[in-house]
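Here is a short note to read alongside the structure. Keep the view open and find each residue as it comes up.

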Amino acid sequence: MSPKYSMAWGTGQNLSTPGPFILLGFPGPRSLRAGLFLLFLVMYLLTVAGNLAIISLVGAHRCLQTPMYFFLCNLSFLEIWFTTACVPKTLATFAPPGGAISLAGCATQMYFVFSLGCTEYFLLAVMAYDRYLAICLPLRYGGIMTPGLATRLALGSWLCGFSAITVPAALIARLSFCGSRVINHFFCDIAPWIVLSCTDTQVVELVSFGISFCVILGSCGITLVSYAYIITTIIKIPSAQGRRRAFSTCSSHLTVVLIWYGSTIFLHVRTSVESSLDLTKAITVLNTIVTPVLNPFIYTLRNKDVKEALHRTVKGK
């Protein structure tokens with residue numbers, strides 16, 4: 001283990017003996033750690049407040065109670081729990097021994113973070129399909145995307161997301177740890193946890209990669225095909241105003257998709273789980289802390305209906 005890791009937690013702690021795991025977090029000068037703590041805390045509070053505001057707006061305004069905003073409420077609800085599964089413990093790592101976490105606690109956090117992450121892939125794909133129907137088949141949209149279908153698609157996204165990670169989680173829970181218990185991350189991620197295991201991890205790595213590949217490829221395929229049809233349809237619209245209006249209905253979702261896929265795909269394109277853990281940790285900040293706080297602003301600032309509903313709420317109408 002690197003000497004700097006030992007120094008980060010003091011000289012009196014034996015990191016190779018059985019006991020709780022230690023989330024390394026973000027070692028560095030006290031001023032840097034204090035700044036990161038405040039930044040992450042503010043972003044977490046904004047994430048919760050922003051997503052709760054979207055859910056409240058949709059519930060309070062009948063004009064927003066459509067399949068599109070029903071899926072957006074699901075996404076906002078998911079983002080609240082996704083960031084809550086990760087950020088509070090991350091904040092605790094800035095105040096040793098707040099980085100200590102039990103084996104069961106680590107496994108539980110890992111399961112929920114990755115289950116919610118998988119669910120977001122499926123929800124974004126469902127939202128892309130919804131936009132495809134609205135733009136490419138507008139006359140049939142109401143007959144196809146019924147409230148019952150929207151509910152089944154949303155429920156299916158949640159069930160698939162929580163089912164996808166079950167097998168990797170079961171395999172990871174069977175790993176043995178007999179050396180260092182310092183996890184080079186700010187939450188219990190799969191890669192740095194596998195690095196600490198003293199048993200064979202090839203099966204775990206293979207299954208984890210296979211599940212990630214299937215989830216990402218499957219959801220990404222649906223999203224890409226949907227947007228291929230959407231772009232083709234928009235291009236065929238004769239008027240510039242019509243094209244802008246059509247594109248505005250999916251621009252917010254497309255922005256979120258690009259940010260989410262851009263960060264998470266990088267995390268799974270590695271030659272080894274032992275390589276670039278520090279870089280992986282930095283990129284993970286993007287999709288666990290930054291992206292959830294951006295989503296409410298993206299949907300608010302780029303969506304005319306949401307802005308009008310927000311304006312009416314502020315005016316008390």
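1. Start with a bridge between strands. Ile22 has Ala100 in β2 as its bridge partner. Strand β1 (residues 21-23) pairs with β2 in the antiparallel sense, over 2 bridges. Two strands count as paired if DSSP finds at least two bridges between them. Strands here are DSSP runs of E, at least two residues long, and helices are runs of H or I, at least four residues long; both are numbered from the N terminus.

2. A word on the model. This is a predicted model: local features need pLDDT of at least 70, side-chain atom pairs count only at pLDDT 80 or more, and totals for chains, interfaces and linings use all residues. Residues are numbered from 1 along each chain as its sequence is written, and side-chain values use heavy atoms, with hydrogens and water left out.

3. Now the whole sheet. Its 3 strands run in the order β2-β1-β3. The sheet is open, and the pairing is mixed. β2 (100-101) and β3 (182-183) are the edge strands, and each pairs on one side only.

4. Step back to the chain. It has 12 helices and 3 strands. Of its 317 residues, 46% are buried. Buried means under 20% relative accessible area, exposed means over 50%, and partly exposed lies in between (1.4 Å probe, protein chains only). Now take the contacts between residues at least 6 apart in sequence: 78% of them join residues at least 24 apart. A contact means heavy atoms within 4.5 Å.

5. Which cysteines does a disulfide join? Cys106 and Cys188 are the pair, with 1.9 Å from S to S. The search of the whole structure finds 1 disulfide (a pair of cysteine sulfur atoms within 2.5 Å). The link of Cys106 and Cys188 is left-handed, with -120° about the S-S bond. Cys106 lies in helix α4, and Cys188 in the loop between β3 and α8 (190-196), so the pair ties together parts that are 82 residues apart in sequence. Both Cys106 and Cys188 are buried.

6. Cys73 is buried, at 15% relative accessibility. Cys160 is partly exposed, at 41%.

7. Next, the aromatic rings. The structure has 20 aromatic pairs. Rings of Phe, Tyr and Trp (its six-membered ring) pair if their centres lie within 6.5 Å; planes under 30 degrees apart are stacked, over 60 edge-to-face, and the rest tilted. Phe112 and Phe162 form an edge-to-face pair, 6.2 Å centre to centre, with 75° between the planes. Phe112 lies in helix α4 (residues 103-136) and Phe162 in helix α6 (residues 147-164), so the pair ties together parts that are 50 residues apart in sequence. Phe112 is partly exposed, at 39%. Phe162 is also partly exposed, at 22%.

8. Stacked or edge-to-face: how do Phe209 and Phe213 pair? They are stacked, at 6.1 Å centre to centre and 25° between the planes. Both lie in helix α9 (residues 202-236). Phe209 and Phe213 are 4 residues apart, about one turn of the helix. Phe209 is partly exposed, at 49%, and Phe213 is partly exposed, at 47%.

9. Rings can also join in groups. Ring pairs link Phe26, Phe37, Phe40, Phe94, Phe114, Phe186 and Phe187 into a cluster. Elsewhere, a charge meets a ring: Arg181 lies over the face of Phe21, 4.9 Å from the ring centre. The rule asks for NZ of Lys or CZ of Arg within 6 Å of the ring centre and within 35 degrees of the ring normal.

10. How many salt bridges does the structure hold? It holds 1. A salt bridge is a side-chain nitrogen of Lys or Arg within 4 Å of a carboxyl oxygen of Asp or Glu. The partners are Asp130 and Arg131, with their closest N and O atoms 2.9 Å apart. Asp130 is buried, at 1% relative accessibility. Arg131 is buried too, with a relative accessible area of 7%.

11. Finish inside a helix. Thr291 is found in helix α11 (residues 277-301). Buried or exposed? Thr291 is buried, with a relative accessible area of 0%. Leaving out residues up to four places away in sequence, Thr291 touches Ile259, Trp260 and Leu286.
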